[in-house]
Amino acid sequence: MERRNIEEKIFKGLMLLSTMVILSSLVLILLTVLVKGLPYLSLAMVTQVPQGGYYLGKGGGILNAIVGSLYLAGGATFLAILLSLPVALYLNVYSKSDSKFVSACRFTFDVLCGVPSIVYGAFGFTIMIFFGMRASLLGGIIAIALLIMPMMIRSMDEVIRLVPRELMDASYALGANRWETALKVVVRQSLPGILTSILIAFGRGIGDAAAVIFTAGFTDAIPTSLLRPVATLPLAIFFQLGVPIPEVQGRAYASALILTIMILIISLAARLLSKKLTRHVVK
Amino acid sequence: MKVPMSARRVKDIMASKIMLVLTLAAVALIFFMVAGLYFKSRPILASQPLSELFFSSRWRPFRGEFGFLSFIMGTVWVTGVAVLIAVPLCLLTSIYLSEYANSKVREWVKPLIDILAGIPSVVFGVWGMLVVVPFIKDVVAPFAGVFSTGYSILAGGIVLAIMIFPVIIHVSLEIFRAVPQEVREASLAVGATRWQTIKHVVMRKALPGVAAAVVLGISRAFGETMAVLMVVGNVAKIPHSVLDPAYPLPALIANNYGEMMSIPLYDSALMLAALILLLVVLLFNALSKMILIRVQRSIR
Amino acid sequence: MDYQTHISVQNLNVHYGNQQVLKNITLNIPDRKITAIIGPSGCGKTTLLKSFNRLIDSVEGVKISGRVLVDDENILDPKTEVTHIRKKMGLLLQKPYPLPMSIYDNVAYGPRIHGIKNKKRLDEIVERFLKKASLWDEVKERINQPASMLSVGQQQRLCLARGLAVEPEIILGDEPTSALDPQSSQRIEQTFVELKQDYTIVIVTHILRQARRMADYVVFLYLGELIEHGPAWDIFNHPKQALTREYIKGLIS
Ligand SMILES: Nc1ncnc2c1ncn2[C@@H]1O[C@H](COP(=O)(O)OP(=O)(O)OP(=O)(O)O)[C@@H](O)[C@H]1O
Ligand SMILES: [Mg+2]
C-alpha cells in the first residue's frame, strides 16, 4: 500500500475515535447522572419543599427550587422576548439589509453572547446595589434576562434573516407598511424558528447558576413576591453537594437528574414544536 | 400632494422609533457592563499599583493585600489544559463530519452535540465530582507517582474540555462546510486522495476559521464558573503541575459573594476580577468574530 | 400618439454601488394597455419595474435620481408616503410568494390592512377576486387551508387575486409566468388580456412570443439604456434601432 493511503487510514481511524470519544462523553454524563440519581428520586423530591432538617437528611423535597427555577427562567425569558423580538425585527425589517449599522449590531451581540454568566451575575449585582435591591426573584430575573438576551436576539435574527426579501416585497406591494409586514408576515413566517430560540433561551435560563448566585439568593420557601429571594435548581444541587451526608448528596444527584430531564424535555419540545408549526410557512 | 398622517403611519413611525431605542439600548449593554464594573473596581485600582495586583500572588484580604497572580495562573492553566484536550478531538471530529460522514450520520450527530451544549454546567460539575475526580485520585495520580485528592487542574480541564466541544465543533464545522465543493473536486481531479485534499486544500482554506473556533473555545473556557469550581480544588496558590489544585478567577468571584461586604476593598477586588474576565472575553470574542468575518468573505 | 398616463418616468438613474443599472430613462406608460418591458438578462428590467413602486430602496447602497411620477406625485421624493402609492399597484413576481397564512387570509390581507373589518364584505371581496383571477372554482372548498399547499400555478393566480383585492389601477408583473407550466402560463396570460379593460398592466418578459401575443406597447432596454419604445406593432415590424432589430430577430440574448 502507498504511504499516503496508510496515512489516510490512520487519520480516519483517529477521526472516528475522536467522534466516538466526544459522543461517549455525552452518554457517560447522562448515564452517570441517571444511575446515581435514580435511587434517590422520589415523589417527595418533586412535590415537597424542604422540611425542617432537610439538609441533615430528613424529609422533604426540592419543589422550592424547581418552581423557583421555572419562575425565574420564565420571567427572564418573558423580559428577554420583549427586548429581543423588536431588536431582531428592527435589524431585518426596518434597517437596510447588510448596512454597516446592522453588521455593527450583530457583531456586538455576538461578542455579548460570549460574556460569561458570572460576569452577568456580578453586573446584575452592581445594578441591584445601585437601586438598593436585595437578592430576590426580580434580581435573578434581571440577571438571567441580560444573560439570555444577546443569544435570543442573535438566534431570532438568524431565523428572521431567512425570510425571503420577496415575501416582504409582496406585502409592501399591497400597501402594507413595515410594522404591518413585520407583525403579520415576517413573524408568522419565522414563528417556528422564533419559538425554538425562545425555548433554547429558557433552557439556558433554567440551567444557569453563576448569574443567580449573587442575585437571586436562596430560600426553602416558594417565593410569593418578586422581591423575595428564590431558590434555583442548580444552586440547590450545589448546596446539597456541599453537605457531607450521603443521603443529602444522593438527593443532589437526584436533583441533577431532575434538572437534566427538564432540559432534555425543553430541547425535545423545541424540536417537535418547530416541526409542527411549519404549516403556514412558505418555502 | 400632502397626505395626512394616518393612524397606520403613526403606528409605523412610533414602532420604528421604539425599536431603534431598544436596539441601541441592547448594544449599549456592553458599555454599561464595562463602565459599571470599572466603576466598582476603582477603589481597589486606586489603592494598589497594577503591578502589585497582577504580579503578586499574596492574597490576604484581611490585611488589604490583593495579588491576583495565583488566580490568573489558575485560570490560564485550566483553560490551557481544556484547550489542549479539546482542540485535536474537535478538529478530527469536525473533519470527519464534514468530509467523510454521510449526511445521515451528520444529521444524527448534530442534535447530540446540541444536547451536550444544553447540559447545565452544574450537571457537568456533578459528573466531574463523581467520575473525573476519583479517576484522577485513584488512577492518574498513583500512576504519576504523586498524591492528589483528585480535585485538580486536570479534573477542571477535562470537564471544561467537554463543555467547549460543542462551541469548537459548531464553528469549525461551519467553516469546513463553507469551503466550496469545486475546490475539493479540483484537487481530487488531479489525482489527490481525499486525505491529501483535506490536508493541502481544505485545511489551508479553513485554517484561519479554525483558529477563530479555537479562540472562541478559549474564551468560553475562560469564563466558565460552576463546573470548574466544583472540581478544581480552589486553593489560592500558583500551580506547578496539572495534578495541583488551582483557583480560577470565576471560582474566586462565585465562592466569596457572601463575605463581600464585611472586608474593606474585598467587593471591589471581586468586581475587578469580573472586569478582567469581561475584558479578556470581549477581546477574544471580538478577535474570533473578526477572523470569521474575514474568512467567510475570502472563502466565497 | 398621445397617451394618458398614470406612470411617468423622467430622467431616472439607478446605481447599485458603483455600477449604473439604469441610465437616464424617460418614459410614459400608457393607461389601460399591456406594456411589455423586454431586453436581455441583467439589463435592468426588474429594477425599472420595482422603481415604479419604490421597492428598490430597501437595498443598501442604492442611489436613485430622477423622478417617477405616479398620478403626478413624485414617489422617489423621500417625503412621499409610499404605502398609498403601492396600494395603487398590484405586483406579481417571478416566483409566486404567497404570504404565510391561509388562502382566504392572503386575499383579505390587503383589504384588512386598508381598514376593512366587516366579515361579510371580506367574504365578498375574497370570492370576487379569486373569481377574477380564475382560481375560485379550484379552491372554494379549502379556502382556509394554508396557501403554501397550492400548486405553483395556483399560487401565482392567488398572488394575482391578492394584488387585485386592494383595487389597484395598475398591475406590475416581473416575468410572472416564468416559473409556471405552459398551461398555467396561458391562463395567466388570458387573465391579463381580460383585465386590461380595467387596468394598466406592465409586465417584464424575456419571452418575445409572449410579448407579441399580449403587448400593446413595448419598451426595449439594453444594458440599462432605453433603446426604443412604442406601440407593439411598430416595434415588432418596423424597429427604428439596429439593436432592437437584432434582439427581435434573436441575435442578442
Ligand atoms: N441588490 C443588488 N445589488 C447589486 N446589484 C444588483 C442588485 N440587483 C440587481 N443588480 C444588478 O443590476 C443589474 C440589473 O438587474 P435587474 O435585476 O434589474 O436585471 P433584469 O433585467 O431584471 O435581469 P433578469 O432578466 O435576469 O431578471 C444587473 O447587472 C444586476 O447584477
Ligand atoms: Mg429580473
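Which strand and which helix of chain C each supply at least two residues of the shell around ligand 1? In this predicted model, they are strand 2, spanning residues 19-30, and helix 1, spanning residues 45-52.

**Figure 1. The shell of residues around ligand 1.** Ligand 1 is surrounded by 13 residues. The closest are Ser41(C), Gly42(C), Lys45(C), Thr46(C) and Thr47(C). Helix 1 of chain C provides the largest share of this shell, namely three residues. Sorted by class, the shell comprises seven polar, four nonpolar and two charged residues.

**Figure 2. Polar atoms of chain C beside oxygen atoms of ligand 1.** A polar atom of the Thr47(C) side chain is placed 2.5 Å from a ligand oxygen atom. Gly42(C) takes part through its backbone, with an N or O atom lying 2.8 Å from an oxygen atom of ligand 1. For Glu175(C), a polar side-chain atom lies at 3.5 Å from an oxygen atom of the ligand. Ligand 1 taken alone exposes 640 Å², and 64% of that area is buried by the protein.

**Figure 3. The surroundings of Ser197(A).** Ser197(A) belongs to helix 9 of chain A, which covers residues 191-207. Its relative accessibility is 5%, and Ser197(A) therefore counts as buried. The side chain of Ser197(A) reaches the backbone oxygen of Gly193(A) at 2.8 Å. Leaving aside residues up to four places away in sequence, Ser197(A) touches Met152(A), Ser155(A) and Met156(A). Arg154(A) is 43 residues from Ser197(A) along the chain, and the C-alpha atoms of the two are separated by 9.0 Å.

**Figure 4. The largest nonpolar core and a separate one.** The largest nonpolar core contains 233 residues, of which Phe68(B) and Phe52(C) touch the most other members. Helix 6 of chain B, residues 153-178, contributes the largest share of this core, with 18 residues.

**Figure 5. Contacts of Phe52(C).** Residues up to four places away in sequence are not counted in this view. Among the residues that Phe52(C) touches are Ile7(C), Val9(C), Ile29(C), Val68(C) and Val70(C). Further contacts of Phe52(C) are with Ile75(C), Met89(C), Leu172(C) and Val202(C).

Methods:
Residues are numbered from 1 along each chain as its sequence is written. Chains are lettered from A and ligands numbered from 1 in the order in which they are written. This is a predicted model: local features need pLDDT of at least 70, side-chain atom pairs count only at pLDDT 80 or more; totals for chains, interfaces and linings use all residues. Side-chain values use heavy atoms; hydrogens and water are left out. A residue is near a molecule or strand if one of its heavy atoms lies within 4 Å of it. A polar contact is a pair of N or O atoms within 3.5 Å; within protein, one must be able to donate a hydrogen and the other to accept it, and residues adjacent in sequence count only if both atoms are side-chain atoms. Accessible areas come from the Shrake-Rupley method with a 1.4 Å probe; for residues, only the protein chains shown count as cover. Helices (H or I, at least four residues) and strands (E, at least two) are DSSP runs, numbered from the N terminus. Ala, Val, Leu, Ile, Met, Phe, Trp, Tyr, Cys and Pro count as nonpolar, Asp, Glu, Lys and Arg as charged, and the others, Gly among them, as polar. Buried means under 20% relative accessible area, exposed over 50%, partly exposed in between (1.4 Å probe, protein chains only). Contact means heavy atoms within 4.5 Å. A nonpolar core is a set of buried Ala, Val, Leu, Ile, Met, Phe, Trp, Tyr and Cys residues joined through side-chain atoms within 4.5 Å.
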